[in-house]
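Colleague: I would like to learn to read a model like this one. Could you take me through it, feature by feature?

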Amino acid sequence: MKINTQPAVNRRLSQRFNRSGMTLIEISLVIALLLGLIAVVFLGLGSYRQGADKAKCKMQLAAVQKAVRSAANMQNLNIGAALAQGDVFGAGLLMENAPVCPSGGAYTWVGTVPTVGTPYGNCDFAGTGATSTHVLAATDTTDW
């Protein structure tokens, strides 16, 4: 007597492959979740960029301050003596190029050797939020 095993195999295969794949609702939920995560990342990148630009601007102003102090020491200038941009920025001088604010602000230079704690230059970039301004505060320049 021959035993027919084909119906049992077909039953097992149909049970095994009956529920394979994802429904349209599951796929749209996954896509919506990924889009939400991407939106959060992009919102975070904007504030990160603002903070990085502010830090770069302040580092450039600190580098200018060091160059001004070096120029004053090399030329034996006292505090309050005239020190033009041409004495600090240019080919063969302490800084090859005048710095440019990464956010589009404009630097203003004092033109004299500043006292300790007073910057030689400042940036006028105000930004959109209270923490995005590049204007130096007294706490930023205490050791300058």
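Modeller: Start with contacts, meaning heavy atoms within 4.5 Å. Among contacts in the protein between residues at least 6 apart in sequence, 57% join residues at least 24 apart. One caution: this is a predicted model, where local features need pLDDT of at least 70, side-chain atom pairs count only at pLDDT 80 or more, and totals for chains, interfaces and linings use all residues. Residues are numbered from 1 along each chain as its sequence is written, and side-chain values use heavy atoms, with hydrogens and water left out.

Colleague: How many helices and strands does the protein have, and in what order do the elements run?

Modeller: Helices (H or I, at least four residues) and strands (E, at least two) are DSSP runs, numbered from the N terminus. The protein has 2 helices and 2 strands. From the N terminus on, the order is α-α-β-β.

Colleague: What share of the residues counts as buried?

Modeller: Buried means under 20% relative accessible area, exposed over 50%, and partly exposed in between, with a 1.4 Å probe and protein chains only. Of the 144 residues, 23% count as buried. The accessible surface comes to about 10200 Å², and 62% of that belongs to carbon and sulfur atoms. Those areas come from the Shrake-Rupley method with a 1.4 Å probe; for residues, only the protein chains shown count as cover.

Colleague: How do I check the span of helix 2?

Modeller: The expected span is 1.5 Å times one less than the number of residues. Helix 2 has 51 residues, so it should span 75 Å. Its end C-alpha atoms are 74 Å apart, which agrees.

Colleague: Which residues of helix 2 are buried, and what do they pack against?

Modeller: First the general idea. An α-helix has 3.6 residues a turn, so residues three or four places apart point the same way. In helix 2 the buried residues include D53, C57, Q60, L61, V64, Q65 and V68. The buried residues of this helix pack against strand 1 and strand 2 (121–123).

Colleague: Take Q65. What is it in contact with?

Modeller: Q65 sits in helix 2 and counts as buried at 4% relative accessibility. Leaving aside neighbours within four places in sequence, Q65 is in contact with P114, T118, P119, Y120 and W144.

Colleague: Where is Y120?

Modeller: Y120 is in the loop between strand 1 and strand 2. Its relative accessible area is 0%, so Y120 is buried. Beyond neighbours within four places in sequence, the contacts of Y120 include V64, Q65 and V68, as well as L83, A84 and Q85. V110 is also among them. The C-alpha atoms of Y120 and V110 are separated by 5.4 Å, though the two are 10 residues apart along the chain. The side chain of Y120 also reaches the backbone oxygen of L83 at 2.7 Å.

Colleague: How many aromatic pairs are there?

Modeller: Rings of Phe, Tyr and Trp (its six-membered ring) pair if their centres lie within 6.5 Å; planes under 30 degrees apart count as stacked, over 60 as edge-to-face and the rest as tilted. The whole structure has 3 such pairs. One of them is F89 with W109, tilted, at 5.2 Å centre to centre and 50° between the planes. F89 lies in the loop between helix 2 (24–74) and strand 1 (107–109), and W109 in strand 1, so the pair ties together parts 20 residues apart in sequence. The rings of Y107 and W109 have centres 5.5 Å apart and planes at 35°, so this pair is tilted. F89 is buried at 10% relative accessibility, W109 at 16% and Y107 at 13%. F89, Y107, W109 and Y120 form one aromatic cluster.

Colleague: What is the phi of N76?

Modeller: Most residues other than glycine have a negative phi, and most peptide bonds are trans. N76 is not a glycine, yet has a positive phi of about 55°. N76 follows helix 2, in the loop between helix 2 and strand 1. With a relative accessible area of 67%, N76 is exposed.

Colleague: How many disulfides are there?

Modeller: A disulfide is a covalent bond between the sulfur atoms of two cysteines. The cut-off is a pair of cysteine sulfur atoms within 2.5 Å. By this rule the count is 0. C57 is in no disulfide; the nearest cysteine sulfur, that of C123, is 3.7 Å away. The sulfur of C101 is 3.5 Å from the closest cysteine sulfur, in C123, too far for a bond. C57 is buried at 0% relative accessible area, and C101 is buried at 5%.

Definitions and conventions: A polar contact is a pair of N or O atoms within 3.5 Å; within protein, one must be able to donate a hydrogen and the other to accept it, and residues adjacent in sequence count only if both atoms are side-chain atoms.
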